[in-house]
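Trainee: I'd like to learn how to read a model like this one. Could we go through it feature by feature?

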Amino acid sequence: MSFPKNAWYAAAWGADISRELFARTIINEPLVFYRKESGDVVALSDMCPHRFAPLNKGKLVGDSIECGYHGLHFDGSGGCVFNPHGDGSIPKTAKVRSFPIVEQDTLVWIWMGEAAAADPVKIPDFPWLNDKETFVFTPASTFSMKLDYRLIVDNLLDLSHAAYLHAATLGAAPGTKDITDVRQEGTRIYSDRLIPNSPPAFVFTATGAANPDDIVDYWANMRVDLPCAFYMDAGVTLSGRDKSEGNVLSSVQILTPETEDSSFYLWSAFRNYRKDDEVLTQVIADTIKAAFSLEDEPMMHEVQVRMAGRDFWKMKPILLSGDGAAVLARRITDKMIAEDLAISEASESDKRIPLKEVGQGV
């Protein structure tokens, strides 16, 4: 298993789910989403138990899905509520799995593990996404990337690569010195990066947050709720000035594993300066999209090809000074996966019937 199961994942932006059936695979589980007439979001396993057809190829009838193959209806709890065949009786096993859903901070979160363990308190919080007075936002976007989500986590937690991979779009000058502090709180990691008394990174001069000849302090503080939900607090001030006086260009970047080698990348950037400049908002969105799709993704794809499915640790990577947060994230994620496997194995063991109960003796 390549991902934790007992975890909250961002299924989609809330605006992406409507009264139309919405299909998305998360950690190898095909799912179908829709909104009930009340507006509440439903998530069901996307497979009819009759002939295993995808329910997303059906249609909504009230608050139920009509399977597009043979017409069975399934309600928001996953139970079959209508059988158009024979005498209309409903087989006891005619049900599909439903998943816990919480809509919070403009995102739809899904719990992929045992429903009884779903604790909404553990959902990563992104209150900045609700603050329309302080910030102006790029559109809430989603990329589909043919990448193992762990490679993207590595990438986001090692921002030193920006000076080399993003020299013309986002990064600082190569060789720029930084001060990085990494700390852990449970399954949350903070990686705070400060670049003091330096020329501003290109992204700040290009967007008007700083002048090219300014000497500034700028920061890029990353918070990740593992396995893969990121908030980056980034901004710039004139050197020696308080952070509260700065121009902020921050972002939410959330990964949702689709399969072992594909992921969804949900993101939105937001700033507190030049808020009425709609052209700038689009330029920032286009620049970030270009950096992700033309710089990050091709590089990570080549890494994935060269790893060829081998275990990261068994390949014995060398470690540099900026690798602390990414290494810690891998170790915590590995522990989460191991704990899920242990729970799964214990559950399977509990289901086994002792031999003496079937007359075999021991």
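**Reading the model**

Mentor: Let's start with Tyr-218, which sits in strand β15 (residues 216–225). Strands here are DSSP runs of E, at least two residues long, numbered from the N terminus. Before going on: this is a predicted model, where local features need pLDDT of at least 70 and side-chain atom pairs count only at pLDDT 80 or more, while totals for chains, interfaces and linings use all residues. Residues are numbered from 1 along each chain as its sequence is written, and side-chain values use heavy atoms, with hydrogens and water left out.

Trainee: Is Tyr-218 buried or exposed?

Mentor: Buried means under 20% relative accessible area, exposed over 50%, and partly exposed in between, using a 1.4 Å probe and protein chains only. Tyr-218 has a relative accessible area of 5%, so it is buried. Its C-alpha atom is separated by 14 Å from that of Asp-181, 37 residues apart along the chain.

Trainee: What about Ser-141?

Mentor: Ser-141 belongs to strand β12 (residues 141–145), and at 19% relative accessibility it counts as buried. A polar atom of its side chain lies 3.0 Å from the backbone oxygen of Pro-139. Counting contacts as heavy atoms within 4.5 Å, and leaving out residues up to four places away in sequence, Ser-141 touches Trp-13, Tyr-265, Leu-266 and Trp-267.

Trainee: How do I read a sheet?

Mentor: Two strands pair if DSSP finds at least two bridges between them. β9 pairs with β10 (residues 107–111) over 4 bridges, and Ile-101 has Ile-110 as its bridge partner in β10.

Trainee: Which strands form the open sheet of 4, and in what order?

Mentor: That order is β5-β6-β7-β8, again with antiparallel pairing. Here β5 is joined to β6 (residues 64–66) by 3 bridges, and Val-61 stands opposite Ser-64 in β6.

Trainee: And the nonpolar core?

Mentor: In soluble globular proteins, nonpolar side chains tend to be buried together. A core is a set of buried Ala, Val, Leu, Ile, Met, Phe, Trp, Tyr and Cys residues joined through side-chain atoms within 4.5 Å. The largest one has 62 residues, and among the members that touch the most others are Phe-33, Ile-110 and Tyr-265. Phe-33 has contacts including Ile-101 and Ile-110. A second, separate core of 21 residues includes Trp-13, Phe-137, Trp-219 and Val-252.

Trainee: How many aromatic pairs are there?

Mentor: A pair of aromatic rings is described by the distance of the centres and the angle of the planes. Rings of Phe, Tyr and Trp (its six-membered ring) pair if their centres lie within 6.5 Å; planes under 30 degrees apart count as stacked, over 60 as edge-to-face and the rest as tilted. The count comes to 15 aromatic pairs. Phe-135 and Phe-137 make an edge-to-face pair, at 6.4 Å centre to centre and 75 degrees between the planes. Phe-135 and Phe-270 are also edge-to-face, at 5.0 Å and 65 degrees. Phe-135 lies in the loop between β10 and β11 (136–137) and Phe-270 in strand β18 (residues 262–271), so this pair ties together parts that are 135 residues apart in sequence.

Trainee: Which residues do ring pairs link into a cluster?

Mentor: Phe-143, Tyr-265, Trp-267 and Phe-292.

Conventions
Polar contact = N/O pair within 3.5 Å; in protein donor to acceptor, adjacent residues only side chain to side chain.
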